[in-house]
Amino acid sequence: MDELLRSYAQYVAWFVEAIAITTIALGSLEAVVQMIRIAVTRRATGVERRTVWLTFARWLVAALTFQLAADIVSTTSAPTWQEVGRLAAIAAIRTFLSYFLDREVDHNRELQRQAPGAPAAR
């Protein structure tokens, strides 16, 4: 029974890692397309550039969340110290990125409110 559970966990971990990789690929593709669009129009503002970066950062945070989930599943049975260390590193990176992404989103909102032509704050 234990071997069956380990085998199932490995398949689940593999599937969730595939989702993480797909998330990174989709986010990267979207960011590149948006950067090309901005470069071609040549009228892009700093707010538009930051928006592309923030969107890409959200994709990365989502991918790290999936990767963390895959690592949690992988380490459910008899984890090694190396696996626990990897799990802790991914959790720390995700927390770090989320914190600074939230700060950047708040900053970006403030810049958009102050931009010419932006609706007045209520």
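The side chains of R86 and D71 meet in a salt bridge, with 3.7 Å from N to O, where the term requires a side-chain nitrogen of Lys or Arg within 4 Å of a carboxyl oxygen of Asp or Glu. The pair links distant parts of the chain, since R86 lies in helix 3 and D71 in helix 2, 15 residues apart; helices here are DSSP runs of H or I with at least four residues, numbered from the N terminus. A search of the whole structure finds one salt bridge.

This is a predicted model, in which local features need pLDDT of at least 70 and side-chain atom pairs count only at pLDDT 80 or more, while totals for chains, interfaces and linings use all residues. Residues are numbered from 1 along each chain as its sequence is written, and side-chain values use heavy atoms, with hydrogens and water left out.

The table gives the relative accessible area of residues discussed in this report, where buried means under 20%, exposed over 50% and partly exposed in between (1.4 Å probe, protein chains only).

| Residue | Relative accessible area | Class |
|---|---|---|
| R86 | 44% | partly exposed |
| D71 | 4% | buried |
| F96 | 51% | exposed |
| Y99 | 48% | partly exposed |
| F100 | 36% | partly exposed |

The largest nonpolar core has five residues, L54, A57, V61, L101 and V105, a core being a set of buried Ala, Val, Leu, Ile, Met, Phe, Trp, Tyr and Cys residues joined through side-chain atoms within 4.5 Å. Helix 2 (46–74) and helix 3 each supply at least two residues of this core, and the largest share, three residues, comes from helix 2. Leaving aside residues up to four places away in sequence, V105 touches L54 and R58, contact meaning heavy atoms within 4.5 Å.

F96 has its place in helix 3 (residues 81–114).

F96, Y99 and F100 also form one aromatic cluster. Rings of Phe, Tyr and Trp (its six-membered ring) pair if their centres lie within 6.5 Å, and planes under 30 degrees apart count as stacked, over 60 as edge-to-face and the rest as tilted. By this rule the count comes to two aromatic pairs. Y99 and F100 form an edge-to-face pair, 4.9 Å centre to centre with 80 degrees between the planes.
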